[in-house]
Amino acid sequence: MKTQITESVWLNASDICSFEHVVEVSGLSAQELRELIETGIIEPSNDDPGNYFFHTQCIVVARKARRLRDDFELDTRGLALALNLLRRVDDLETEIARLRARLGR
Amino acid sequence: MKYIDYYEVLGVARDATQDEIKKAYRKLAHQYHPDVSKEAGAEQKFKEVAEAYATLKDSEKRAAYDALGRHPQGEDFVPPHQWQQHFHEESADFSDVDLADLLAAFAAAQRAERQQRAHRPLNGQDFEVSMPVTLEQVYTGAEADLTVSLPDYDAQGMPRRSPKTYRIRIPKGASDGQRLRLPQKGGAGFNGGRAGDLYVTMQFQPHRLYRVGGRDLSIDLPLAPWEATLGAVVEIPTLGGAVEMKIPEGTVAGRKLRLSGRGMPDSSGKHGDLYAIVQIDVPAKLSARERELMQQLAAESRFNPRSYPGAST
């Protein structure tokens, strides 16, 4: 089997992408993305609503939003609430992992 | 091909109404959706549930599925003749595809036919896979080969699974759960639609020595009672090589000794810390001389580590 060397994009807090790109790869509509920005779920890296750009890690959140929208039939208000709570769960789990690591086994 | 009983997966009767199917799906989605559930095996379970729902909620797909007849869960079976004709392949070999691939192909073909009439491009499906990485790989940055087996279609439109291997560059300082997007390496598009993407999630493998908490690492450091009492210099393995550490006199169990900058790097190259957590260990078997010395110490020492009220020994 041939190994393919391929272009790849890290979804992190240093690379940047456009509003249109997030819409394209996430499957959210432009309107839905705008509403998630208004509720603070997805944070652009600048404050020019005419030409937002984002860290590529926003794509992870946007795709999660699209999955929740499709699999639970949520509207953007429900999505914002669910994503907010999921983010808190993530933060708490990270904190628990950090504390556990520092406890002796 | 293995038969999957979608009705059984959703826990509904074969004559269930659309409403009952939807309700059953919703309940299971709340239980197993990988974005909200932490249950072990949730992702696989939800995949089956979503697959069952995608088939049974669509009346055309449900009819096509029902036409396969009823088989015991997991039984090997060959789809009936009309299915093979659907793919214009008389001698189709279905042994290496699964039912979901076939039904997905059926739906895609239907969609493509509809879209073709409308001349609208249809984008390919995105896929997500996870890739195990070691702390060593993330510590230095590394390249690793990832082999995936994604469903696609051959020239006759027949679904199949074909393995592909990609060389992935793991950047130094990648974090657990971080994702990588391989543009257009997912499912094929139709009518000039773009191919879907492949998302790869880094998954840190548990390490023999270190526990990970953010950028910091912890390691257990067992000491002999005399090392803890008198102090010592010990060698600690770190991801960047062994370092010597001075153990101060009178070190108690549970004490955390910090090795600054010996943890995991972040994407800017800045390192977290390594914590060595002291444990006091005792020899399982004492030599005669060791026992003698310990007994001497016990007779001599006035140290009492217990400070319970009223306790004298």
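Trainee: Which residue in S5(B) is the bridge partner of Arg179(B)?

Mentor: In this model, which is predicted, Arg179(B) has Thr201(B) in S5(B) as its bridge partner.

Trainee: And how many bridges join strand S4 of chain B to strand S5 of chain B, and do they run parallel or antiparallel?

Mentor: Strand S4, residues 179–182 of chain B, is joined by four bridges to strand S5, residues 198–204 of chain B, and the two run antiparallel. In general, the strands of a sheet pair through backbone hydrogen bonds, in either a parallel or an antiparallel way.

Trainee: What order do the strands of the sheet come in?

Mentor: The order is S2(A)-S4(B)-S5(B)-S1(B), which makes an open sheet of four strands with mixed pairing. Strand S2 (9–11) of chain A and strand S1 (127–133) of chain B are at the edges, and because each has a single partner strand, one side of each has no neighbour in the sheet. From one strand to the next, the twist averages 30°.

Trainee: Switching to cysteines, how many disulfides are there over all chains?

Mentor: The count over all chains is zero. Cys17(A), for instance, is in no disulfide, and the nearest cysteine sulfur, which belongs to Cys58(A), is 7.0 Å away.

Trainee: Is Cys17(A) buried or exposed? And what about Cys58(A)?

Mentor: Cys17(A) is buried, with a relative accessible area of 9%, and Cys58(A) also counts as buried, at 9% relative accessibility.

Technical notes
Residues are numbered from 1 along each chain as its sequence is written. Chains are lettered from A and ligands numbered from 1 in the order in which they are written. This is a predicted model: local features need pLDDT of at least 70, side-chain atom pairs count only at pLDDT 80 or more; totals for chains, interfaces and linings use all residues. Side-chain values use heavy atoms; hydrogens and water are left out. Two strands pair if DSSP finds at least two bridges between them. Axes are lines fitted to C-alpha atoms, for helices over the stretch in contact, and angles run from 0 to 180 degrees between N-to-C directions. A disulfide is a pair of cysteine sulfur atoms within 2.5 Å. Buried means under 20% relative accessible area, exposed over 50%, partly exposed in between (1.4 Å probe, protein chains only).
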